Amino acid sequence: HNSFLLADPEDAWVLETAGREWAAQRVTSFRSISNAITIGATYDLASDGLVARAVRKGWCKSPEDFHFARTYSDFLYTRFSAASPRQCRTTALLAAQRGAMTPALAMGVLRDHGRDDDTGWSPARGVLGQDVCAHAGFGPVRVSQSTGSLVTHLAMGAHTHWLTATSAPCTSVFKPVWFDAGLPDLGPAPTGRYDPATLWWRHEDLHREVLRDYVSRRPAFAREQAALEAELLAAAATAATGSAQDRAACSAEAFARAATAEKGWLDDVLARPIVHRRPVLHERAWRSFDAAAGRRSLVPA
């Protein structure tokens, strides 16, 4: 059961599955998906048994009554995952940039919290709902979050993939990679146990320390983060049309610069006193997450 975006420089599709049944819809302008079925009564391709099975099971009255999302969705999972609000938000953000979308703007979409961070918003509030940039919290509904983020720029002749390789995109740096250039050494593959030798867990130190006072700590490095990504975007635009060796060097430098920057941001964050203490339940949730992973909160050096 999942939803997929399939695209090349000339064509794009949404493919959604429910067990062995599926439906696909060609993208004609712009499209977003979430962790729920988004295709309704209109689609371009489908599995042979999609409609017949729904009628046979009594999930809809007739083929004319068939609606994929309504018929095959799990109500509780779909409702409490806040999939529909997130898809509505990403669709609105895409519509606002229709015809002018860039990799930088796409990164901004993935960092969206649905409101202006300058208003004092914090992911520590609330036990229901999730934003596009999802953060875990207290309660059975908020036990998951963004694990990694990807923006793919399918320009003709030069396909550049921007990935964080780390969790929350709002505290991460997007780095360029290319299939013919490989990945730089990122250390061992991460597991559920804390391991600072891995890129993912090293970033978790920054992410989780920021969460202790998101309102004060997140803005501390926002401008430097934006400036670094602007420089990486410019460098990648040149490397994309060069040799595979040029692309490999560009990617390796991007990861190295991001690592250095994040280490500096972590030091700065730790040096700042906690001004806005997060709610007790959010604090308790993250203590349990850290305990399960074998991670301890950091203190200033």
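**The sheet and the helices across it**

Tutor: The model under discussion is predicted. Within it, three strands form an open sheet, arranged in the order β5-β6-β7 with antiparallel pairing. The two edges are taken by β5, residues 150–155, and by β7; each has a single partner strand, so one side of each lacks a neighbour in the sheet. From one strand to the next, the twist averages 25°.

The pairing of β6 with β7 may be considered in detail. Strand β6 comprises residues 158–163, and three bridges join β6 to β7 in the antiparallel sense. At one of the paired positions, L163 has K175 in β7 as its bridge partner.

Two helices accompany these strands. Helix α5, residues 103–110, lies across β5 and β6 and runs at about 155° to β5. Helix α9, residues 244–271, lies across β6 and β7, and its angle to β7 is likewise about 155°.

The chain may also be followed beyond the sheet. Between β7, residues 175–177, and α6, residues 199–211, there is a loop that contains R193. R193 counts as partly exposed because its relative accessibility is 48%. Neighbours within four places in sequence aside, R193 is in contact with W201, A291, A292, A293 and G294. D290 is 97 residues from R193 in sequence, yet their C-alpha atoms are 9.2 Å apart in space.

How values were computed:
Residues numbered from 1 in each chain as written. Predicted model: local features only at pLDDT ≥ 70, side-chain atom pairs only at ≥ 80, totals over all residues. Heavy atoms only, no water. Helix = DSSP H or I, 4+ residues; strand = E, 2+ residues; numbered from the N terminus. Buried < 20%, exposed > 50% of the residue type's maximum accessible area, 1.4 Å probe, protein only. Contact = heavy atoms within 4.5 Å. Pairing = 2+ DSSP bridges. Axes fitted to C-alpha atoms, helices over the stretch in contact; angles between N-to-C directions.
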